Structure formats: structure tokens, C-alpha cells
Amino acid sequence: MAENWATLSPDLASAGYCVFAFNYGHAATDPIPDSASELRDFVNAVLGSTGAKKVDLVGHSQGGMMPRYYVKFLGGATKVDDLVGIVPSNHGTSNPLALVAGATVCPACVDQTTGSDLLKKLNADPEAPAGPDYTQLATRYDEVVLPYTSAFLSGPADRVTNVLLQDKCPLDTTEHDQATKDPVVAQWVKHALDRQGPADPGFQPHCVG
């Protein structure tokens with residue numbers, strides 16, 4: 001969390017949000033269901049300490065996809081208001097390195113390979129169960145989640161918004177690892193959190209860089 005959220009967490013805190021972050025799954029290598037169980041326990045602790053009824057979740061890569069397991073199978077649908085995925089691996093990746101890593105030290109990499117048993121279960125209809133609002137942010141220059149459209153979810157427009165950063169900011173060249181540090185991404189995240197429902201597809205961020 002110290003690397004992924006060094007920019008966006010302080011930005012959200014400055015905007016008035018009460019921000020929590022955590023590390024999970026032995027550097028995010030454990031099976032997705034195990035990490036989702038850790039998330040469930042962490043959310044319960046946050047709700048208990050703050051008195052809030054629900055949380056908003058903002059996740060990057062696996063952290064954008066894994067919460068969907070919590071929502072769909074571990075009771076999270078009643079505890080999550082917004083789920084914002086930054087370049088999430090919702091439909092996995094065709095990158096062959098994922099399977100190679102999974103064969104050694106990373107069960108989560110196998111789970112995130114296109115067509116895995118985990119993803120078949122997770123993406124069985126509905127992909128976006130009722131409860132949270134879903135905003136999914138993708139970049140055309142993603143070199144990890146391949147194809148980049150893997151980030152997108154199917155679901156009703158009042159609950160799901162899919163955003164390709166370059167549709168509104170064609171010169172934004174952010175790639176996968178640095179997406180949480182991109183000021184355009186930050187604008188989309190705050191826009192999604194600030195309103196009822198998912199992000200408005202018509203929102204125009206200030207394009208920089």
C-alpha cells in the first residue's frame with residue numbers, strides 16, 4: 001500500500017475522505033478467495049471503528065477485481081457503496097507471464113489468467129451484483145491486464161460505468177503500474193465517490209501531461 005497509494009490516498013484524505021489501506025495475501029499472491037476473506041475482515045474492522053454503515057472501495061489491478069469476490073460471495077454487497085476499480089483484472093489477462101508466475105509462487109496469478117476457474121465463477125451472471133455502484137477505469141496503454149478491455153464489466157448503466165481514460169484525455173499515456181498516480185485517474189475516482197451512482201460517462205476531467 002505504501003507504493004500504490006502514496007499519491008491517491010493523501011489526495012482523497014485532503015478531499016475530506018476517511019482513508020484506510022491494507023496489505024493482503026502475502027504481497028497479493030495468495031488465492032483470490034483468501035484475500036477476499038481478508039478484505040471482509042478489514043471492512044468489518046473499519047465499520048466497527050468508524051460507525052459507518054458502508055465503505056467505498058478503491059482498488060488497483062487485482063485490488064480492483066478481488067473485492068468483487070467479497071461482494072458476490074462473502075456478504076459485501078450490503079457493506080459497499082462504491083467500488084472503483086483502477087485497471088482491474090476483472091476478466092483476467094492473456095499475458096503469459098501470469099501463468100508462469102502462478103506455476104511457482106503466485107496462486108493469484110493463476111486466478112487472474114483469462115478463462116481461469118475463479119474468473120468463470122466470479123463473472124457468471126451477474127458480473128456486477130446489486131448493492132454497490134461500479135466504476136471501472138482502464139488505459140489503452142495497459143501492459144499487464146491484456147487486453148485492456150478486460151477491466152470492463154457488464155451491467156445496467158445505473159450501476160456500472162466503464163471508462164477508457166483516453167476517450168476523454170487522448171494524450172494520457174499512463175500505464176498499469178502508475179495508474180494510481182495519474183491525476184486524471186484521481187479526478188475520475190473523486191467524481192465517482194462524490195455522486196450517487198457510478199461515475200457519469202459524460203464527466204470531462206482536466207487533461208494534463
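These questions and answers walk through a predicted model.

Modeller: Local features need pLDDT of at least 70 and side-chain atom pairs pLDDT 80 or more, while totals for chains, interfaces and linings use all residues. Residues are numbered from 1 along each chain as its sequence is written, and side-chain values use heavy atoms, without hydrogens and water.

Biologist: Which strands stand at the edges of the sheet?

Modeller: The open sheet has 4 strands (E runs of at least two residues in DSSP). Its order is β1-β2-β3-β4, with parallel pairing (at least two DSSP bridges between two strands). Each edge strand has a single partner, so one side is left without a neighbour in the sheet; these strands are β1 (55-60) and β4 (160-164).

Biologist: Which residue is the bridge partner of L137?

Modeller: Strand β3 covers residues 133-138 and pairs with β4 over 5 bridges. In β4, the partner of L137 is V163.

Biologist: How far apart are the end C-alpha atoms of α9?

Modeller: Helix α9 (an H or I run of at least four residues) covers residues 183-194. The expected span is 1.5 Å times one less than the number of residues. For the 12 residues of α9 that gives 16 Å, which agrees with the end-to-end distance of 16 Å.

Biologist: Is S61 buried or exposed?

Modeller: S61 is found in the loop between β1 and α4 (62-73). Buried means under 20% relative accessible area, exposed over 50%, partly exposed in between (1.4 Å probe, protein chains only). S61 has 14% relative accessibility, so this residue counts as buried.

Note on methods:
Contact means heavy atoms within 4.5 Å. Axes are lines fitted to C-alpha atoms, for helices over the stretch in contact, and angles run from 0 to 180 degrees between N-to-C directions.
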